[in-house]
Amino acid sequence: MKILAIESSCDETAAAVVEDGRKVLSNVIASQVSEHIIYGGVVPEIASRMHAQAISGVTAKAMEDAGVSYAELDAIAVTYAPGLIGALLVGVNFAKGLSYATGLPLVPVHHLRSHIAANYITHPDFEPPFLCLVVSGGHSHIVAVRDYTDFEIIGRTRDDAAGECMDKAARAMGLPYPGGVNLDRVSAEGNPALYKLPHPHVDGSEYDFSFSGLKTAVVNIIHNAAQKGEQVSVPDLGASCIETVADCLVSNTMKAAENFGFSKIALAGGVSANSRLRARMSKECEKRGWELYMPELKLCGDNAAMVGAQGFYELKSGNIAGLELNAFATMPIDEQN
Ligand code: KG4
Ligand code: ZN
């Protein structure tokens, strides 16, 4: 079964053709980073306009790279939530137009579900049930993936997402957008023990996260140093920040896995590209003899191949939308069924 997938939830316009949820026939991504870099972050209106400009060319290229015609496709899958609403609407409307013109079924895909599905591409034999740490620019969740379309949120952030925290810390350190990626790069040789940062404690749930205090602590260290005319060591402060985020993410995930009886763990989302997080997760899982699955680096960030992978399982479970499909800026991962 071949699915054309469209993704436009943030600042990448992407299209891909995926066979049976696992085999990527094409994967085209037009990144808008160079457009947003001067603003230090994604400007939603610019993102929407860039998607509108790029989407038909990106889709044509994905079809050409895959070497398939519309007659050979079985469905059109599209990210419809969560994300920047103006950005999502471009992809959703384009996919609706394709569905209308071709008569192919339209499959709505939740963005975080698709991040999880990136693992099905990287690991062809990987199947639910498993526990997944989903960490992106907007979300930090510990999710029990009971089946391909059956999810339960076990832990979540109470404030900032892990990616958002690292992006803001990176920005305060003077690093360019996209912050998390650059923070990872400059921190490679840093000493994570040099700066003592708070390990946020969240009352009420042992699996929830809170990253806004950590972000503020990093900003305060930078401001205090500036007031004294001193410079912070960006590699060391960056390494300390990442280490603290990784500590929180890894320890809550391990606790959740132990208490809910999972020994199969996965990582997903843009932050799953972080080298320290990958290394820490690998070490902790290895210590316990657990299996760890991580998407290959090129599938960690936003792409449409992962949408095609999840779209396959959504289609199999009968999740087909009508042409009245809308986009949503927010939507819990366990709401769609
Ligand atoms: O999943 P994603 O591409 O978009 C969203 O759905 O939000 O995630 C983007 C987030 C950004 O916060 C970005 O800085 C972060 O993932 N990120 C990283 C790394 N690569 C991307 N954070 C830390 N280390 C990285 N290597
Ligand atoms: Zn994403």
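Reader: Hi! Quick one to start: is Glu284 buried or exposed?

Author: Glu284 counts as buried, because its relative accessibility is 13% and the cut-off for buried is under 20%. Do keep in mind that this is a predicted model.

Reader: Thanks, noted. Which residue does Glu284 form a salt bridge with?

Author: The partner of Glu284 is Lys287, and their closest N and O atoms are 3.2 Å apart. Both residues sit in helix α9, and because they are three residues apart there, about one helical turn separates them.

Reader: And Lys287, is that one buried or exposed?

Author: Lys287 is exposed, with a relative accessible area of 60%.

Reader: Nice. Which residues are joined into one network by salt bridges that share partners?

Author: That network is made of Glu243, Asp247, Arg276 and Arg280. One of the salt bridges is between Arg280 and Asp247, where the closest N and O atoms are 2.6 Å apart. This pair links distant parts of the chain: Arg280 belongs to helix α9 (residues 275–288) and Asp247 to helix α8 (residues 234–260), 33 residues apart.

Reader: How accessible is Asp247?

Author: Asp247 has 21% relative accessibility, so it counts as partly exposed.

Reader: How many salt bridges does a search of the whole structure find?

Author: The search finds 14. Among them is the one between Lys168 and Glu164, at 3.2 Å from N to O. Those two residues both lie in helix α5, four residues apart, which is about one turn of the helix. Lys168 is partly exposed at 36% relative accessibility, and Glu164 is also partly exposed, with a relative accessible area of 23%.

Reader: Okay, changing topic to the metal. What are the protein donors of the zinc ion (ligand 2)?

Author: The zinc ion (ligand 2) has His111 (NE2), His115 (NE2) and Asp302 (OD) as its protein donors, at 2.0 to 2.1 Å. Their spacing in sequence reads H-x3-H-x186-D. His115 is in helix α4 (residues 111–122), while Asp302 is in the loop between β10 (291–293) and α10 (305–316), so this pair ties together parts that are 187 residues apart in sequence.

Reader: For setting up the site, are His115 and Asp302 buried or exposed?

Author: His115 counts as buried, at 1% relative accessibility. Asp302 counts as buried too, at 17%.

Reader: I'd wonder about the geometry next. What are the ideal angles for four tetrahedral donors?

Author: For four tetrahedral donors the ideal is 109.5 degrees, against 90 or 180 degrees for six octahedral ones. As for this site, water is not among the atoms, so it may look incomplete.

Reader: Good to know. On to ligand 1: how many residues surround it, and which are the closest?

Author: Ligand 1 is surrounded by 17 residues, the closest being His115, Gly137, Asp167, Asp184 and Asn274. By type, the shell has four nonpolar, ten polar and three charged residues. Helices α4, α5 (162–172) and α6 (179–186) each contribute at least two residues to this shell.

Reader: What lies 2.8 Å from an oxygen atom of ligand 1?

Author: That would be a polar backbone atom of Gly137. An oxygen atom of ligand 1 is also 3.0 Å from an N or O atom in the side chain of His111, and there is a 3.4 Å contact from a ligand 1 oxygen to a polar backbone atom of Gly163. Overall, the protein covers 85% of the 550 Å² of accessible area that ligand 1 has on its own.

Technical notes: Residues are numbered from 1 along each chain as its sequence is written. Chains are lettered from A and ligands numbered from 1 in the order in which they are written. This is a predicted model: local features need pLDDT of at least 70, side-chain atom pairs count only at pLDDT 80 or more; totals for chains, interfaces and linings use all residues. Side-chain values use heavy atoms; hydrogens and water are left out. Donors are N, O and S atoms within 2.8 Å of the metal (3.2 Å for Na, K and Ca); water is not among the atoms, so sites may look incomplete. Buried means under 20% relative accessible area, exposed over 50%, partly exposed in between (1.4 Å probe, protein chains only). A residue is near a molecule or strand if one of its heavy atoms lies within 4 Å of it. A polar contact is a pair of N or O atoms within 3.5 Å; within protein, one must be able to donate a hydrogen and the other to accept it, and residues adjacent in sequence count only if both atoms are side-chain atoms. Accessible areas come from the Shrake-Rupley method with a 1.4 Å probe; for residues, only the protein chains shown count as cover. Ala, Val, Leu, Ile, Met, Phe, Trp, Tyr, Cys and Pro count as nonpolar, Asp, Glu, Lys and Arg as charged, and the others, Gly among them, as polar. A salt bridge is a side-chain nitrogen of Lys or Arg within 4 Å of a carboxyl oxygen of Asp or Glu.
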